[in-house]
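Here's a quick briefing to read with the model open beside you.

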Amino acid sequence: MTVVSKAKSKKISRSTVALLYLGGRDLPFTSQRELERWCVGFLELFLVAAVQPILVSKKPNPGGIIHLLRAVRFIAREWNRYTGFVITLHRSRFLYAANLMSFMLGIVGKPVIFTTATSNDVEKLHDSQFVDTLLQSNIMNALQAATMNVRGTLVLAGAQMIPATHTIILRAKEKTDERFRSADNQVYGHVDFGIQVTKHALTRNDDRPTPQLHIEERIRYINVNATPEEELFHLIHDVSRDCTGVIIDGGESLRLSITQELPKKIPVLLVSTEGVHIYEDEKLISIPQLTRYAAAAKFTWVLGSIADRSRRDRKRKTVREWLNTDFIHEIIQKRP
Amino acid sequence: MRAYVHDEKTDGKLLALCEATGIDILTSDQVRRRKKLPEQYDFFLDQVDVLIMEITKPTQDIHFILAQAILADKPVLCVYAKNQSPRELLRHINKKPAPRPIKTFSYTGNTLGSVVIQFIRTHDPEAREHDEKPSIKFTIRLTPRNERYISWYSERYALPKADAIRKLLDERDTLDPDFPENAAK
């Protein structure tokens, strides 16, 4: 059973940061009280900020969205009570979840900081104790950012603070080194004896979140690298009538000749490190101005919004047109 | 050894004391001026071996740096002016069970130097060498008799007068059992 704790009855000061736990540790929290005890035992936390820990989900499903929806509703409801928000997510599908929440929240006038346990030495992530320490260190960085004069949905899981929709993962050839970087050098700050904010950072304003919570869940996700080749085409052909879209993740690269096998009646998003394409109405179009994570999240969000909007108005835009529309400054103007 | 020095109260005195030991120093001003963290570091505290911070009036950044330093078990010397203790910050620091990587010290103008030198020498065995290198200027008025004695002493031992004075101090230093640094050896 998942729990979102209501705000406590005692008065919360204006400089309190809400810490929403949606994953990140190897060991789950079984209750709100256990999360609070973990935070109290983590003495360094309260040196950085007054913190209100909130257990959104005891066992969040990294691929699911229910816990994300709950967190967005909480943030929208409690917007005025907190100076900023920190959200911890599981490292598996971290950027996808951060991007999806960014679209659901919309434009925001305070900092909403996503973080997780990351390491440049991926091997060390097998050690639970080490993961806890990493998460604590990243939470402190995120709390510091949440007290500052910046706004937006931002990723801070390492040394840099970057808009979530502009964040990519840079992997070294050895694949043990994994770092979050900006797709277009738009870095809002870096952690260097404090958070050193750059000229790109936007300052706080009165924008409140306007949650758009219609998410399409009937999307098939196919990871090409995790699927034996003989099964791959079977999976693609076997897309059920209930599916409203398909995401094909090619990992490092994706042979676009796969389009010959794609379903014709529903949109298909193809993502890889090399780029993003949409296959719609039997046409393959490149979408260069979105990161692969923003594209996958936006695809999911847009298909839900289309279903909702089509009930309200008759104008029909293609999925490609929706993907090319800028909602939350996710469109990358110029890649370096 | 490399130290991060954060000082916005002593008008450069703390920084000068650290520089006199010859250790490599990174200051808060240098950090603010640079555009990004050097590429070879993923965690800012990996750039330094120790931190020396003046915390009489602690800022949000000081709170943050200390929090990360405690978690990373990085040695920190926190000094604050006597009778101006930052109570809330000290209360947070003291909540951490011993042994703590953070040492706190209430200083006056006369005591700041020795606590900094002692902290640095504890963490850098090579600091002793720098301790022997004259680098601190000192103005003193001598009586006419003092001057005659120094002139005679320097002629006798074929030393410049400044060297002669240092020789006398060194002899006194090594023979004085009450000097705390001699007691610690």
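When two residues are said to touch here, they have heavy atoms within 4.5 Å of each other. Keep in mind that this is a predicted model. With that in hand, here's the rundown.

**Chain A overall**

- Chain A has 8 helices, along with 15 strands.
- Of the 336 residues in chain A, 56% are buried.
- If you take the contacts in chain A with a separation of 6 or more, 68% of them come from residues 24 or more positions apart.

**Helix 3 against helix 4 in chain A**

- Helix 3 covers residues 66-77 of chain A and helix 4 covers residues 94-105; their axes come within 10 Å and cross at roughly 40°.
- Because of that angle, helix 3 of chain A counts as oblique to helix 4 of chain A.
- As for handedness, helix 3 and helix 4 of chain A make a right-handed crossing.
- On the helix 3 side of chain A, the residues in contact are A:Leu68, A:Leu69, A:Ala71, A:Val72 and A:Ile75. They meet A:Ala97, A:Leu100, A:Met101, A:Met104 and A:Leu105 from helix 4 of chain A.
- Sort that contact between helix 3 and helix 4 of chain A by class and you get 10 nonpolar residues, no polar ones and no charged ones.

**A:His277, a histidine in a strand**

- You'll find A:His277 in strand 14 of chain A, which spans residues 275-280.
- Is A:His277 buried or exposed? A:His277 has a relative accessible area of 18%, so it counts as buried, the cut-off being under 20%.
- Leaving out residues up to four places away in sequence, A:His277 touches A:Leu256, A:Val268, A:Leu269, A:Leu270, A:Leu284, A:Ile285, A:Ser286 and A:Ile287.

**B:Leu112, over in chain B**

- B:Leu112 sits in helix 5 of chain B, which runs over residues 112-123.
- With a relative accessibility of 1%, B:Leu112 is buried.
- Which residues does B:Leu112 touch, not counting those up to four places away in sequence? They are B:Thr10, B:Leu14, B:Leu17, B:Val79 and B:Tyr107.
- B:Leu112 and B:Lys13 are 99 residues apart along the chain, yet their C-alpha atoms are separated by 9.0 Å.

How values were computed
Residues are numbered from 1 along each chain as its sequence is written. Chains are lettered from A and ligands numbered from 1 in the order in which they are written. This is a predicted model: local features need pLDDT of at least 70, side-chain atom pairs count only at pLDDT 80 or more; totals for chains, interfaces and linings use all residues. Side-chain values use heavy atoms; hydrogens and water are left out. Helices (H or I, at least four residues) and strands (E, at least two) are DSSP runs, numbered from the N terminus. Buried means under 20% relative accessible area, exposed over 50%, partly exposed in between (1.4 Å probe, protein chains only). Axes are lines fitted to C-alpha atoms, for helices over the stretch in contact, and angles run from 0 to 180 degrees between N-to-C directions. Angles under 35 degrees count as roughly parallel, over 145 as roughly antiparallel, 65 to 115 as roughly perpendicular and the rest as oblique. A crossing is left-handed if the near helix is turned anticlockwise from the far one by less than a right angle, and right-handed if clockwise. Ala, Val, Leu, Ile, Met, Phe, Trp, Tyr, Cys and Pro count as nonpolar, Asp, Glu, Lys and Arg as charged, and the others, Gly among them, as polar.
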